[in-house]
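Here are my notes on the two-chain model you sent.

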Amino acid sequence: MAVLVIADHDGSAVRDSTNKTVTAALALSSDVDILVVGSAAKAAADAAAKIAGVRKVLLAESGELGHQLAEAVTATVVALAGGYDAILSPASMDGKNFMPRIAAKLDVAPISDIIEVVSADTFVRPIYAGNALETVRSSDAKKVITVRPTAFAPAAEGGSAPVESVAGSDAGKAAFVGEEMVKSDRPELGAAKIVVSGGRALGSAEEFHAVIEPLADKLGAAVGASRAAVDAGYAPNDYQVGQTGKVVAPGLYIAVGISGAIQHLAGMKDSKIIVAINKDADAPIFQVADFGIVGDYKTVVPELMAALG
Amino acid sequence: MKVLVPVKRVIDYNVKARVKADQTGVDLANVKMSMNPFDEIAVEEAVRLKEGKEHHAAGTATEIVVVSIGVTQAQETIRTALAMGADRGILIQSDADLEPLAVAKLLAAVVAEEKPDLVLMGKQSIDGDNNAVGQMLAALLDWPQATFAAKIEIAGGTANVTREVDGGNQTLSAALPAVITVDLRLNTPRYASLPNIMKAKKKEIAMKAVADYGVDTADRLTVVKVTAPPTRSAGIKVADAAELVSKLKTAGAL
Ligand SMILES: Cc1cc2nc3c(=O)[nH]c(=O)nc-3n(C[C@H](O)[C@H](O)[C@H](O)COP(=O)(O)OP(=O)(O)OC[C@H]3O[C@@H](n4cnc5c(N)ncnc54)[C@H](O)[C@@H]3O)c2cc1C
Ligand SMILES: Nc1ncnc2c1ncn2[C@@H]1O[C@H](COP(=O)(O)O)[C@@H](O)[C@H]1O
């Protein structure tokens with residue numbers, strides 16, 4: 001059995017979610033190849049080759065692949081699919097975008113967001129915002145799977161797999177027009193050891209910057225937000241933690257002025273330690289918090305900054 | 001432009017799902033059911049495309065057809081969409097909870113019949129959390145896909161779609177026909193007014209059976225079991241920030 005992992009990368013390096021997906025792949029088979037698709041992604045392919053346990057790295061380059069457009073990625077992967085029994089990708093926004101398309105082209109039922117590999121055909125995945133865990137057995141000859149990175153440890157570095165070029169499709173149906181990326185020097189939300197998230201309570205973008213970001217910076221943390229904070233424009237969409245946003249599982253998650261709706265909990269309740277700061281003692285977030293402070297964030301956060309020294 | 005909007009009847013988003021004791025699934029008996037929230041956003045956008053609300057030119061959409069695959073009660077979900085402003089509905093009755101591949105195949109068959117210029121749908125159903133059908137439908141039709149839409153602009157047979165991606169936003173342009181799946185920030189769906197609810201009662205819902213479409217809807221996945229996730233128990237309340245920091249240090253979190 002051979003497994004293809006589609007890498008999540010930025011052109012020069014692979015993201016930690018790729019290493020985690022390799023761990024899931026190695027639970028299926030010891031023949032694991034990584035596919036790097038991009039426009040100029042040799043450096044990322046070289047980085048992927050260093051992941052331990054990888055058999056080889058395939059590099060597919062074309063202009064269209066630079067933005068991971070679903071149609072071009074799908075055509076590229078489908079052309080390679082004959083050699084593999086399973087195709088895995090992290091459940092990143094890109095992975096969620098192209099993997100079901102690949103599955104449909106292969107006439108396979110995709111399996112989204114797995115958190116456990118039970119056996120070569122059986123997987124566990126959360127449903128209903130994580131309020132239930134479904135164990136499914138696939139009868140498809142080829143499996144197409146996205147992997148929830150927070151559920152797997154990253155595969156170690158130290159490998160030296162060969163890198164091989166393969167054809168990259170430029171079959172485009174939709175054309176890239178532009179992008180607006182949030183620039184930040186903070187750690188990546190999905191991989192950070194500490195996350196500080198702000199909710200609707202912050203009341204404005206200025207307040208979010210003034211309160212949440214300094215606390216995050218003091219802790220070397222990534223910044224997250226509830227949907228309400230994102231919808232109101234206090235934080236970029238990419239910060240949303242939850243059922244339909246990012247799933248995080250840091251060592252420490254600090255929720256400031258977040259009530260703890262089911263959909264928010266779905267994205268953070270696997271964090272090791274949860275801290276909640278909320279003025280309402282009955283807020284549902286306290287039901288999952290290891291340490292709670294009932295109080296106004298306007299006084300609690302400055303005190304916390306001071307106590308951290 | 002004709003717009004097709006697939007809508008799914010799901011557990012209401014305010015209800016916390018509970019796993020059945022026999023581990024066969026989630027208990028939906030006597031649970032409030034509603035339209036999948038993302039599908040409401042898709043219906044709202046279709047209606048705005050018709051009315052010319054926000055940045056859309058009036059009449060960008062000329063007809064809105066909603067389609068649901070599900071139990072007989074999914075008619076209520078279709079009625080809700082009709083009350084929001086959709087023109088007519090199709091219910092493909094199925095008591096089985098079909099997998100995304102089967103749903104996508106049925107929708108592709110509906111597209112072949114209805115020939116819409118645009119399929120506008122939710123990015124994810126909040127029960128199965130698959131986030132798959134839209135992308136699969138686009139693949140089966142060999143149409144472009146623009147998923148996780150935060151803004152849609154349609155002019156001259158082209159859709160410009162701003163998508164929520166990791167790290168920010170990306171804008172794509174796709175010639176119609178295309179499949180667009182919507183994200184939370186696209187719009188805030190309206191509540192249907194009483195007169196519109198009354199009007200919706202007269203709108204047509206065509207009743208169909210899965211067999212009418214002649215597609216293979218066999219399951220590919222077997223649900224072995226459905227279990228409750230490990231529960232977290234509430235911890236303690238601390239008096240102040242100083243106590244919090246000392247607890248976090250003891251716990252090794254700082
Ligand atoms: C389809 C769908 C998908 C969704 N997906 C997500 C998702 O992925 N992520 C997500 O987060 N949500 C999601 N939601 C939204 C979710 O249901 C909640 O509406 C949202 O999480 C609420 O955000 P909040 O906790 O910031 O706001 P609120 O619920 O309004 O809570 C604000 C909290 O702040 C507290 N507060 C107010 N003032 C202060 C103060 N001065 N000091 C301290 N505390 C204060 C209040 O007591 C309250 O508990 C989704 C909803 C739907 C329908
Ligand atoms: N049974 C169904 N009937 C109609 N539309 C559906 C059905 N299942 C899924 N969809 C559509 O597909 C979208 C994505 O669903 P999913 O891939 O299941 O998360 C939903 O938001 C709906 O628009």
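1. The interface comes first. In this predicted model, 79 residues of chain B are in contact with 82 residues of chain A; contact means heavy atoms within 4.5 Å. The two chains bury about 6,600 Å² between them, 55% of it on carbon and sulfur atoms. Buried area is the accessible area (1.4 Å probe) that two parts lose on being put together, summed over both. Asp166(B), Arg220(B) and Arg232(B) supply 11% of the area that chain B buries against chain A, more than any other three residues.

2. Conventions. Residues are numbered from 1 along each chain as its sequence is written, and chains are lettered from A in the order in which they are written. Local features need pLDDT of at least 70, side-chain atom pairs count only at pLDDT 80 or more, totals for chains, interfaces and linings use all residues, and side-chain values use heavy atoms, with hydrogens and water left out.

3. Salt bridges across the interface. The rule is a side-chain nitrogen of Lys or Arg within 4 Å of a carboxyl oxygen of Asp or Glu. It finds 7 between chain B and chain A. Asp166(B) pairs with Lys246(A), the closest N and O atoms being 3.3 Å apart. Over all chains the count comes to 34.

4. Salt bridges within the chains. Glu71(A) and Arg101(A) meet at 3.9 Å, N to O. Glu71(A) sits in helix α3 (residues 70-80) of chain A and Arg101(A) in helix α4 (residues 93-105) of chain A, 30 residues apart. Helices (H or I, at least four residues) and strands (E, at least two) are DSSP runs, numbered from the N terminus. Glu71(A) counts as buried at 7% relative accessibility, and Arg101(A) is buried at 2%. Buried means under 20% relative accessible area, exposed over 50%, partly exposed in between (1.4 Å probe, protein chains only).

5. Chain B has a pair that spans 112 residues, Lys2(B) in strand β1 (residues 2-6) and Glu114(B) in helix α3. Their closest N and O atoms are 2.7 Å apart. Lys2(B) is buried at 17%, and so is Glu114(B) at 13%. Arg185(B) and Glu164(B) also form a salt bridge, at 3.0 Å. Arg185(B) lies in the loop between β10 (178-182) and α5 (194-200) of chain B and Glu164(B) in strand β8 (residues 158-165), so the pair ties together parts 21 residues apart in sequence.

6. Cores. A nonpolar core is a set of buried Ala, Val, Leu, Ile, Met, Phe, Trp, Tyr and Cys residues joined through side-chain atoms within 4.5 Å. The largest has 53 residues; Ile6(A), Leu35(A), Ile92(B), Leu107(B), Val119(B) and Leu137(B) have the most contacts inside it. Helix α3 (residues 100-114) of chain B gives the most to this core, with 10 residues. Apart from it lies another core, of 39 residues, among them Val3(B) and Phe38(B).

7. Two strands pair if DSSP finds at least two bridges between them. Strands β7 (residues 122-127) and β8 (residues 132-138) of chain A are joined by 6 bridges. Thr122(A) has Arg137(A) as its bridge partner in β8(A).
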